[in-house]
Amino acid sequence: MNKKLTLAAVFATGLSFTSVNAGTLDDVKARGSVNCGVSTGLAGFSQKDEKGEWSGLDVDVCRAVAAATLGDSSKVKFKPLTAKERFTALASGEIDMLSRNTTWTHTRDTSLGINFAGTNYYDGASFMVMKNLGVKSAKELDGANACIQAGTSTELAIADYFRENKMSYKAVTFDTSDQTRAGFESGRCDFLTSDGSQLAALRIGLANPGNAIILPEVISKEPLGPVVRQGDDQWFNIVKWSLNAMIEAEEQGVTAANAADKKANGNPANKRLLGAEGELGANLGLSADWAYQIVTQVGNYSESFERNVGTGSPLKLERGLNASWRNGGILYAPAMR
Amino acid sequence: MFNEKTIEEVKSANRKASSDATSTAFYNNPRIRGLFYQVALVAGLLYFFVTVIGNTLDNMEATGIKTGFAFLDAAAGYDVLMSLISFESTDTYARIFVVGFLNTILVSVIGIFFATLFGFIFGVAYFSHNWLIRKLAVVYVEIFRNIPLLLQVFFWYFAVLSSLPSARQSLSLGEAVFLNVRGLYFPKLVGGDLAWVVWTVLALAIGGVFYLRRWAKKRQEITGEQFPVLKASLALIIFAPLMAAALTGFPFTVDYPALKGFNYFGGVTVIPELMALSIALSVYTGAFIAEAVRAGIQSIPRGQTEAARSLGLRENKIMSLIIVPQAMRVIVPLLNSEYQSLVKNSTLAAAIGYPDLFNVFVGTALNQTGQAIETIFMTIIVYFIVNMVISFLMNRFNSAVSLVSR
């Protein structure tokens with residue numbers, strides 16, 4: 001009887017405890033890996049090759065965080081998530097961070113219990129149509145069917161755009177981007193709408209990419225970036241500054257190849273970034289060479305961009321807005337000091 | 001062992017005797033004790049739920065997640081593919097909820113109707129004297145019962161309906177009915193000023209059919225004479241409204257679907273998502289119902305058939321008058337759970353983008369608002385209530401067909 005009472009008491013007290021947000025950094029260190037939510041497969045951003053290795057611009061942010069916190073960019077467990085699953089997976093603690101071409105919106109930032117740790121790709125929603133449709137502008141799409149991925153900010157952007165232009169459309173929504181593309185290819189819809197970068201990725205996945213064109217209109221702002229849970233500021237800072245370290249490294253001209261040299265012989269800014277001087281790493285609760293690990297293992301932003309979505313990739317995207325502010329873009333890291 | 005038992009029995013008998021004779025302490029009274037434990041259990045459960053819900057709310061507030069049902073009044077901001085009531089992107093999440101609910105009901109009703117039809121056809125066909133028909137029933141059941149439903153949904157959607165021609169090369173039937181990859185389009189009757197007369201006559205004709213059935217049954221019980229109910233009913237339902245239409249000068253115009261720009265407009269559109277899901281649900285559940293029907297028929301002793309034959313009844317009369325009414329007692333409880341499964345399985349709509357409740361509310365609305373607990377709670381309640389209603393109706397039906405002992 002006593003035993004039973006004790007059990008009941010333990011049970012009851014256990015219930016009245018509220019769970020607290022444990023330090024994500026401690027969890028990551030204890031686990032020895034970063035759990036990172038990525039897309040179910042999007043060329044250039046997060047895709048898996050035949051060996052099961054993930055690569056892409058979004059994947060590199062996960063790898064940068066793993067390099068900064070664990071000193072090894074390969075210590076990432078990737079969780080492929082659909083657009084609908086992503087925030088729930090983050091809120092439930094299934095993943096430590098989300099890096100899945102996610103648009104930074106006011107509503108998401110303020111009501112989902114999440115924080116956007118920056119922007120790693122400035123994008124905008126656009127339209128892709130089959131060439132033989134003979135459409136040259138989005139304004140000619142009145143009465144057409146749209147293939148959209150469910151649960152995205154594009155779903156909202158396109159509703160606004162058509163209402164603003166007093167046109168009608170039918171929204172055919174799919175769960176994953178692959179299904180969306182399949183719907184577009186089968187002719188279920190006249191056009192596919194998504195962020196410009198995704199359209200480029202989906203287009204090269206078509207049976208015959210030459211048949212499809214991307215219309216010139218960009219109908220919305222879609223700043224894409226990594227996301228963390230609210231309530232753990234240290235982890236928020238780590239993800240934010242891991243991304244900024246990549247951007248800053250490009251600004252300073254630090255690359256994977258010359259990082260060791262710059263660390264020893266570079267200017268004061270190089271030395272501060274790479275951990276030869278200053279307290280940047282310690283302030284984040286990381287080792288002094290955190291950014292050095294990022295740059296040597298993942299590369300700076302430019303290297304990651306060219307490798308995954310730029311000229312060195314099948315997507316061949318222009319830097320455009322995503323060029324460093326020094327080169328006419330809007331990519332700008334806060335001061336590293 | 002025997003001895004112990006006897007001692008226990010004696011003891012309990014003694015206890016009973018003493019409690020009857022003298023008043024024991026109230027805490028030894030089995031009734032009060034029982035009540036105490038029940039109250040304690042209920043209190044414990046209440047405490048459990050209050051703590052869990054309180055904890056959840058606290059944690060959500062601590063992590064900055066919005067709670068409450070205020071989001072229902074906010075504009076949804078996205079569009080829905082198909083809606084039985086008018087819907088625009090400026091309408092609220094509450095309206096999205098209703099839109100999704102109606103779409104779920106629509107696909108469930110269509111699914112239940114055709115599943116029952118397929119189930120009874122193939123269930124009875126199993127007993128056919130024709131080898132081909134009998135084997136066809138077996139093949140149908142074995143194929144569709146043994147393949148996962150999601151796979152069947154994908155098959156109908158991505159393999160069958162997606163390979164239909166594009167909108168500009170639609171298959172057409174007399175330039176009135178069109179079928180293409182975007183759906184099935186057929187003409188719609190648009191009623192004019194006097195159309196209400198025709199609809200009223202149609203309603204009266206349907207009511208008349210019920211009256212006719214009762215009258216024919218009564219007459220047969222009294223006189224033994226049969227009346228051709230089916231033929232008379234069909235004639236009534238077809239000719240009465242036709243005559244009414246002729247007298248009022250056909251107050252209808254036909255709205256034909258026509259290709260304008262990208263799509264067919266006008267008439268009635270059945271989207272391929274609805275077709276694929278309805279076909280998959282009814283074919284899959286139909287296979288289970290066919291088995292239920294077969295079980296019901298096999299539960300009737302062979303003597304019933306033989307007795308009916310010796311009375312000189314024809315084979316189809318034996319089935320419809322003797323076997324099926326008795327088999328219904330076995331079939332109906334099974335039907336109940338098949339119908340409930342069908343409603344629950346309709347949530348597979350999310351896989352192909354049919355805008356049912358689960359898809360538009362737990363899918364998109366949850367994602368846009370982030371209010372997982374509220375949206376999932378509301379959706380659970382709906383499926384719970386719908387299935388309770390099905391259960392209630394089927395139980396009513398079951399008691400109507402069950403054996404009445406006189």
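Mentor: Of the 337 residues of chain A, 53% count as buried, a class that requires 20 or more other C-beta atoms within 10 Å of a residue's own, whereas 12 or fewer make a residue exposed and values in between partly exposed, with C-beta atoms placed from the backbone. This is a predicted model, in which local features need pLDDT of at least 70 and side-chain atom pairs count only at pLDDT 80 or more, while totals for chains, interfaces and linings use all residues. Residues are numbered from 1 along each chain as its sequence is written, and chains are lettered from A and ligands numbered from 1 in the order in which they are written.

The C-alpha trace of chain A spans about 70 × 70 × 40 Å along its principal axes. Chain A has a radius of gyration of 22 Å, which agrees with the value near 20 Å that a compact globule of 337 residues would have; the radius is taken over C-alpha atoms, and the globule rule is 2.2 Å times the number of residues to the power 0.38.

Contacts within chain A can be sorted by sequence separation. Two residues are in contact if their C-beta atoms, placed from the backbone, lie within 7 Å. Among contacts in chain A between residues at least 6 apart in sequence, 73% join residues at least 24 apart.

The side that faces the partner follows. Chain A brings 37 residues to its contact with chain B, and chain B brings 33. On the side of chain A, at least two residues each come from the helices α1 (2–16), α4 (86–91), α6 (153–164) and α7 (177–186), and from the strands β9 (144–149) and β10 (169–174). With five residues, β10(A) gives the most to this side. By class, the side of chain A that touches chain B holds 13 nonpolar, 15 polar and nine charged residues. Here Ala, Val, Leu, Ile, Met, Phe, Trp, Tyr, Cys and Pro count as nonpolar, Asp, Glu, Lys and Arg as charged, and the others, Gly among them, as polar.

Terms used:
Helices (H or I, at least four residues) and strands (E, at least two) are DSSP runs, numbered from the N terminus.
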